[in-house]
Amino acid sequence: MFNQVANRTRISSGDIIAMRESGASLEQIAETIGRTKERVRQILVKNIGTTRHNLLSTQQLYRQLGLPRTRVVELYKDGIITPKAEWKTGNHHYLLWSPNVAEIVTNYYNKNRLCKMCLKPLGKGRWVFCSDECYREGQKYKYKSGEAKRRHLENIKGYLERRRNRKTYFIESVPV
Ligand SMILES: [Zn+2]
C-alpha cells in the first residue's frame, strides 16, 4: 500500500494531462494514479484551465463531417483514418479522434470520385455507382430528388389514366 503511494507520487501533472489528452476519462486517470476523480479534475483545471480534451467522439466526428456513421466506421476499417485512442468496455468499442481527422477525410474525398449511393471511392470504369447493388439501390424511389419524385408520380398517374381509358374502350367494344 505504501509502496503504491510512493509510486504514485512520481506521476507528474504532465502525465495526467497526457492521459487526458489521449482520451482517458477522469475516472480512468483517478484509478491509474490512485487519487480521487475530484483531485484529477483540480490538477487539470490548475494546469490547463479545463478538464476537457480536444478529441472527438465518433459521433462528433461523423456529425462534423456530415457523413453516415457506417461510412466513418468503414474509413476506420479501411485504414484511411486512425483513432487517437480506443478501448473496449463490454460490448462497446470506443474510438476518439483528433480534430485533424476531419481534414484527412475531406482530402481523401477531394482526391477520389465517390459513389452516389454509399460514398465509397469509385473503381475504374465506374462513373456514378461503385457496384451493381448501389446502382439498383440508387434507382429506388426513396432516393430520388423532389423533382424526380414528382415526375415519377405523374408517370404513374398518366399510366393509370391510360389504363382506365383502355378498359372503358374495351368494355364498350364488347358486343351486347
Ligand atoms: Zn456504392
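The structure is a predicted model, in which local features require a pLDDT of at least 70 and side-chain atom pairs count only at pLDDT 80 or more, whereas totals for chains, interfaces and linings use all residues. Residues are numbered from 1 along each chain as its sequence is written, and side-chain values rest on heavy atoms, with hydrogens and water left out.

The side chain of E38 meets that of R41 in a salt bridge with an N to O distance of 3.0 Å, a salt bridge being a side-chain nitrogen of Lys or Arg within 4 Å of a carboxyl oxygen of Asp or Glu. R41 is likewise partly exposed, at a relative accessible area of 34%. Because E38 and R41 are 3 residues apart in helix 4, about one helical turn separates them; helices (H or I, at least four residues) and strands (E, at least two) are taken as DSSP runs and numbered from the N terminus.

By this rule, the count of salt bridges comes to 10. In helix 6, E74 and R71 also lie 3 residues apart, about one turn of the helix, and they form a salt bridge whose closest N and O atoms are 2.7 Å apart. In this pair E74 is partly exposed, at 28% relative accessibility, whereas R71 is buried, at 2%. In helix 9 (residues 146-173), E154 and R150 are 4 residues apart and therefore separated by about one helical turn, and the closest N and O atoms of their salt bridge are 3.2 Å apart. Both partners are partly exposed, E154 at 42% relative accessibility and R150 at 41%. Through salt bridges that share partners, E147, R150, R151 and E154 are joined into one network.

Two packed helices are described by the angle between their axes and the distance between the axes. For helix 2 (residues 13-21) and helix 4 (residues 37-48), the angle is about 95° and the axes are 10 Å apart, the axes being lines fitted to C-alpha atoms over the stretch in contact and the angles running from 0 to 180 degrees between N-to-C directions. The two helices are therefore roughly perpendicular to each other, on a scale in which angles under 35 degrees count as roughly parallel, over 145 as roughly antiparallel, 65 to 115 as roughly perpendicular and the rest as oblique. From helix 2, residues S13, I16, I17 and R20 meet V40, I43, L44, N47 and I48 of helix 4, with contact defined as heavy atoms within 4.5 Å.

The largest nonpolar core comprises 15 residues, of which L61, L75, I81, W97 and V105 touch the most other members; such a core is a set of buried Ala, Val, Leu, Ile, Met, Phe, Trp, Tyr and Cys residues joined through side-chain atoms within 4.5 Å. Two or more residues are contributed to this core by each of helix 5 (58-65), helix 6 (69-77), strand 3 (92-97) and helix 7 (101-111), and helix 7 gives the most, with 5 residues. Apart from this core lies another, of 10 residues, among them A24, I29, V40 and I43.

How values were computed
Buried means under 20% relative accessible area, exposed over 50%, partly exposed in between (1.4 Å probe, protein chains only).
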